[in-house]
Amino acid sequence: MRTNTLHEVETNTPGAAQRSAGRGFSYAKRFLQPVFLFVSLLISLQCFARGGTFLQLATAPGGVTITAAGGGYRTSFGTMNGLAVGTPGAGLTATDLGNGALYFSEVRMTVNTILGQGYVTASFSTPFQHPAALAAWICPSNSSCNVAANYSALSTSGGVTNIVPPPGVNSGTTVTIGIAIFVPDNDGASAVTGNDNGGTITFTVVNAGLPIESDTLKLATSPNKIQSAVELTLDSDPSGLTINPATDYSVDYGNVNGLGIGAGAGLTAIAQAGGAIYSTPYRIKPAFSDLRSTTGTITVCTQTAFAHSAILNMQDASASAGPFTAIPNCGARVQITNTASDRSTITRYLGLFISKVNGPGTSFASDSAVLTYTITVP
């Protein structure tokens, strides 16, 4: 009865059945042995495959420099701030996200495998010295990593992100990923400035369901530097004149007269003793990062007066109808606010006063003036 069972399972050749009779356990052991050896090979490779056997990082064209060091890789982002103002480090792009700045770069990654395709995960294995001031972000290989919108934060609690998503790529494939550091707005007690020696991203190649190699990228070849920053911008109000951004801002009041007749679009003419004010709303937008104060003071003065300053001057108000205050020559200033907060929007009204004087002081020529706005944050 036992001989018949072996004959049905192993072979249809009678001679083979006769040779196998009574040795079913021995035959089964020889059949399973190659599977056991194959799994052992993968596990052994996992233990000693390091230092770029299955994963290599390299500098992407125009990107931040990636160097191999100490069995891993290093790079540095240099000086950064939460407003993305100033010139970023070589190979980096800086973008203001509205609640901080993202400094990012593309990186080349080559993936090798043992069998078939492999994918790559990323984890943030070592935190920054100042984890509230800097955070590591990543862009996967199936996205365009030259735009900030495709980056997301790496988990700091042991989670992993698929940087080359499953099922992965064929052995020897080079892909483009992105690495980034996010610098959030921090003011008051949470403000941080100075050097940070960087965190570490760990990349792991997964092949045939097993992690076969892990390589690290330290984000500080030399210390990264967190700096404070202040920025003040002007913007148009939808119901007012257009504030044109350039090296300096500009606004055109068009044709005006001392009687306030024929105010153009975006202007309100307000009768005043001795003339008229042409008023337009506009917006002031302060922003600051890593400063000890949470509020700032904004002032304005006249840097260059009108050539016909006897009949023309600029004025400021918090409401369309006023009251308006003449903006003095620099040396004195008009305070707009002393409670400006980070990323706030302040609506003000900029008035052009024109006298209705007659006689020799009258002018029909074009004229211009320059105002200087200043924000001070302690």
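**Exercise 1. Which residues lie nearest the centre of the largest pocket, and how many residues line this pocket?**

Step 1. Y253, F306, D367, S368 and A369 lie nearest the centre of the largest pocket. The lining has 42 residues. On a 1 Å grid over the protein atoms alone, a pocket is an open set of points where a 1.4 Å probe fits, with protein on both sides within 12 Å along at least five of seven lines; lining residues have an atom within 4 Å of a point.

Step 2. Strand 16 (229-236), strand 20 (312-317), strand 23 (346-355) and strand 24 (370-376) each give two or more residues to it. Strands are DSSP runs (E, at least two residues), numbered from the N terminus.

Step 3. Sort the lining: 23 nonpolar, 15 polar and four charged residues. Ala, Val, Leu, Ile, Met, Phe, Trp, Tyr, Cys and Pro count as nonpolar, Asp, Glu, Lys and Arg as charged, and the others, Gly among them, as polar.

**A note on the model.** This is a predicted model, where local features need pLDDT of at least 70, side-chain atom pairs count only at pLDDT 80 or more, and totals for chains, interfaces and linings use all residues. Residues are numbered from 1 along each chain as its sequence is written, and side-chain values use heavy atoms, with hydrogens and water left out.

**Exercise 2. Find the disulfides and describe each one.**

Step 1. Search the whole structure: two disulfides turn up (cysteine sulfur atoms within 2.5 Å). Counting bonded cysteines along the chain, the pattern is 1-2, 3-4.

Step 2. Take C139 and C145. Their sulfur atoms are 2.1 Å apart. The link is left-handed, with -85° about the S-S bond. C139 is buried at 0% relative accessibility, and C145 is buried at 1%. Buried means under 20% relative accessible area, exposed over 50%, partly exposed in between (1.4 Å probe, protein chains only).

Step 3. Take C301 and C330. The S to S distance is 1.9 Å. This link is right-handed, at 75°. It joins distant parts of the chain, 29 residues apart: C301 sits in strand 19 (residues 295-304), C330 in the loop between strand 21 (325-326) and strand 22 (334-341).

**Exercise 3. Is C330 buried or partly exposed?**

Step 1. Read the relative accessibility of C330: 32%. C330 therefore counts as partly exposed.

Step 2. Check its partner. C301 has 0%, so C301 is buried.

Methods
Helices (H or I, at least four residues) and strands (E, at least two) are DSSP runs, numbered from the N terminus.
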